Amino acid sequence: MNSPSSPTMRRALHSDVCIVGNGAIAKTTALAFAQAGQSVTLLCPAEAPPPAGTAPSWDVRVYALNHTAFNLLSALKVWGALDAARVAPVDAMLVSGDGAHAGGLAFDAYGAHVGALAWIVEDRNLNQALDAALKFAQNVSIVHGRAVRLESGADDATVHLDGGDSIRAALVVGADGAQSWVRGQCDIGLDYRSYGQRGVVSNFACAKPHHGAAHQWFTGAEGIVALLPLPGQRVSLVWSAPDALADTLRAESAGQLAARLAPFCADKLGALTPLQPELVRDFPLVLMRPHAMVAPRVALVGDAAHVVHPMAGHGMNLGFADVVELVRIVNEREPQRGVGDARVLARYARARKEDVLLMQLATDGLARLFGSDIEPLRAARNLGLNLLDKLPGLKRRLISHALGKQS
């Protein structure tokens, strides 16, 4: 069993892989490399004391995890450690257009020949399961501290910490989010564009059962409204709202937010009641395209490597797919090549290029298309939704990609 290092100790640590980050992707990467037989150092920020007061009953930060995530977390014995009573399978996805002649598109698990399209998991539930697994993981050392400098050499890289400690590893993995320190240390360029939107999130009880259906409404001027199923008669809201509307939504109470949602969902879900009236959060929506996913002795995963619009809920799934490919390619390297060999990392970058680019193009294109309020575009996109709904072959290919499965 491993334990965090003492902040008073000054050491030079050595491992095969050093992972920088404190979120679910960083922890999963550590577990995956450890399971593959690599020695791992997980560098996390210094632990902060828990906030005062009682934790909310339902976390407003949720993920729609696909089959790639499910298979990876199952292989790492993490999925079984989740609180299953707080995980909701998605049995259907219902997409609606806007205007008087709104188009529609529907997917369901039965038609996709799977038990569930995805699973809605709270951030807190996922991280608690990962933390429990890390406590008993072999070959994982957890270090709390702040990295100040990254040096890459011919045979390894060294992460220097503010307290004087250092971590030397054959491979450094940047799993430290959209504002990645690791990426910055590597001078990797970045294309950045704000969508002029913020994601407004909250949770509600619904008067009618949701039957495991996730709903999404493309509204044009008011952005994209999504209601995801939670266990019981509860739903989680993700409203991708233009900045001006987001300001208004954040200034209102959760009860007023529920009233705004009624025109979209009253017939399907009935009246909505806030689960935690004070708990409405928001975050900016941006597109981030780093110019590379690798650098000498460094690989990026998760939001450090790509940030996409959340409309499809696949930002986290892209990160899990990064982990799967990185660990697979490192495992399959030739005996003479090290863990952080340049050719090995180049293979990882090539392996992820198409999947990441497709998701970036799809989400960005849809955000642009459905963000316009021009009537000819509105008619065209509604027609497109209806046409796609009547093409089962194309629907199967789209859903296979979304599930993280091969068609």
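Residues are numbered from 1 along each chain as its sequence is written, and side-chain values use heavy atoms, with hydrogens and water left out.

The chain averages a pLDDT (the predictor's confidence in each residue, from 0 to 100) of 87, and 83% of the residues score at least 70. Over residues 3-7 the pLDDT is below 50, and this stretch has seven contacts (heavy atoms within 4.5 Å) in the model beyond near neighbours in sequence. Where pLDDT is low, the predicted coordinates should not be read in detail. The secondary structure comprises eleven helices and 19 strands, both taken as DSSP runs numbered from the N terminus, with at least four residues of H or I for a helix and at least two of E for a strand. Of the 407 residues in the chain, 51% are buried, where buried means under 20% relative accessible area, exposed over 50% and partly exposed in between, with a 1.4 Å probe and protein chains only. Among contacts between residues at least 6 apart in sequence, 73% join residues at least 24 apart.

Strand S7 (residues 118-122) has five of its five residues buried, and it is therefore largely enclosed by the rest of the structure. In a regular strand the side chains alternate between the two faces of the sheet. In S7, Ala118, Ile120 and Glu122 point one way and Trp119 and Val121 the other way, all of them being buried. Strand S3 (residues 62-65) runs antiparallel to S7 and is joined to S7 by four bridges, with Tyr63 standing opposite Val121; two strands count as paired if DSSP finds at least two bridges between them. Strand S4 (residues 88-90) also pairs with S7 in the antiparallel sense, over three bridges, and here Ala88 stands opposite Ile120.

The structure holds five aromatic pairs, defined for rings of Phe, Tyr and Trp (its six-membered ring) whose centres lie within 6.5 Å, with planes under 30 degrees apart counted as stacked, over 60 as edge-to-face and the rest as tilted. The rings of Trp217 and Phe264 have their centres 5.8 Å apart and their planes at 40°, so this pair is tilted. Because Trp217 lies in strand S13 (residues 213-218) and Phe264 in helix H7 (residues 254-269), the pair ties together parts that are 47 residues apart in sequence. Trp217 is buried, with a relative accessible area of 6%, and Phe264 is likewise buried, at 17%. Phe264 forms a further aromatic pair with Trp239, which is edge-to-face, at 6.2 Å centre to centre and with 90° between the planes. This pair links Trp239 in strand S15 (residues 234-242) to Phe264 in helix H7, 25 residues apart, and Trp239 is buried, as is Phe264. Elsewhere, Phe70, Trp79 and Trp119 form one aromatic cluster.

Strand S15, which holds Trp239, has seven of its nine residues buried, so it is largely enclosed by the rest of the structure. Strand S12 (residues 190-206) pairs with S15 in the antiparallel sense over nine bridges, and Val200 stands opposite Trp239. Strand S14 (residues 224-230) pairs with S15 in the antiparallel sense over seven bridges, with Ile224 standing opposite Ser240. The hairpin of S14 and S15 has three residues between the strands, and in this hairpin Gly232 takes a positive phi near 70°.

Two single residues complete the description. Val330 lies in helix H8 (residues 315-331) and is buried, with a relative accessible area of 0%. Leaving aside neighbours within four places in sequence, Val330 is in contact with Phe33, Gln38, Val339 and Val344, while its C-alpha atom is separated by 8.1 Å from that of Leu345, 15 residues apart along the chain. Ser15, found in strand S1 (residues 12-20), counts as buried at 12% relative accessibility. Leaving aside neighbours within four places in sequence, the residues in contact with Ser15 are Ser39, Val40, Thr41, Arg168, Ala169 and Ala170.

Terms used: This is a predicted model: local features need pLDDT of at least 70, side-chain atom pairs count only at pLDDT 80 or more; totals for chains, interfaces and linings use all residues.
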